[in-house]
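Dear colleague,

Please find the structure below, handed over for your review. My notes on selected side chains follow it.

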Amino acid sequence: KQHGLPTVSIRPFNIYGPRQVGQGAIHHFIRKALLGEKLIVHNDGSQIRSWCYIDDILDGVITALSNENAIGHTFNIGNPRSTLTIYNLAREIVRLCDSTSSIEFIPWDFADVELRIPNIDKARELLNYEPRVNLEDGLLRTISWYRQEIES
């Protein structure tokens with residue numbers, strides 16, 4: 001605002017998909033499940049998250065960058081329909097991977113956000129943003145990619 005630049009701010013929520021690296025839950029769970037290793041869940045796994053497939057994040061970012069209505073605004077970009085607990089995410093990934101992996105709960109002594117669900121009303125209204133990839137479909141796409149990576 002100070003320099004009159006046409007800026008937009010994006011707050012992405014829990015991105016996942018093929019080629020993901022790092023220590024994110026979906027990355028960790030899928031790799032472990034495909035290898036038949038136990039999945040580690042912190043505390044009781046009741047932390048709630050909304051997961052957004054990379055294609056939907058990119059659609060939101062590209063739309064915000066190319067829409068003059070977005071200038072000067074901040075947008076939450078995510079998928080509130082793909083919401084579940086960390087424990088249920090681990091169970092779903094084990095199921096979708098057709099894995100024999102167990103789930104182990106370990107204490108986590110650090111503060112954690114218990115609930116992370118984006119309100120995307122502003123992005124819907126100003127950008128006509130609507131995430132399209134549901135969680136199961138996105139997980140299956142991601143699992144397929146990781147399966148190929150592990151096998152090659």
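The charged end of which residue sits over the ring of Phe75? In this predicted model, that residue is Lys122, whose charged end is 5.6 Å from the centre of the Phe75 ring.

Aromatic pairs

The structure contains three aromatic pairs. In one of them, the ring centres of Tyr16 and Tyr53 are 5.5 Å apart; their planes stand at 70°, an angle over 60 degrees, so this pair is classed as edge-to-face. Tyr16 belongs to strand S2 (residues 15–16) and Tyr53 to strand S5 (residues 52–53), so the pair ties together parts that lie 37 residues apart in sequence. Tyr16 has a relative accessibility of 1% and therefore counts as buried. Tyr53 is also buried, its relative accessible area being 5%.

Trp145 and Tyr146 form another edge-to-face aromatic pair, with 5.1 Å from centre to centre and 85° between the planes. Both of these residues, Trp145 and Tyr146, are buried.

The surroundings of Asn76

Asn76 is found in strand S6 (residues 74–77). With a relative accessible area of 14%, which is under 20%, Asn76 is counted as buried. Its side chain makes a polar contact of 2.7 Å with the side chain of Arg11. Neighbours within four places in sequence aside, the residues in contact with Asn76 are Arg11, Phe13, Pro118, Asn119, Ile120 and Ala123.

With kind regards

Conventions:
Residues numbered from 1 in each chain as written. Predicted model: local features only at pLDDT ≥ 70, side-chain atom pairs only at ≥ 80, totals over all residues. Heavy atoms only, no water. Phe/Tyr/Trp six-rings, centres within 6.5 Å; stacked < 30°, edge-to-face > 60°. Helix = DSSP H or I, 4+ residues; strand = E, 2+ residues; numbered from the N terminus. Buried < 20%, exposed > 50% of the residue type's maximum accessible area, 1.4 Å probe, protein only. Lys NZ or Arg CZ within 6 Å of the ring centre and 35° of its normal. Polar contact = N/O pair within 3.5 Å; in protein donor to acceptor, adjacent residues only side chain to side chain. Contact = heavy atoms within 4.5 Å.
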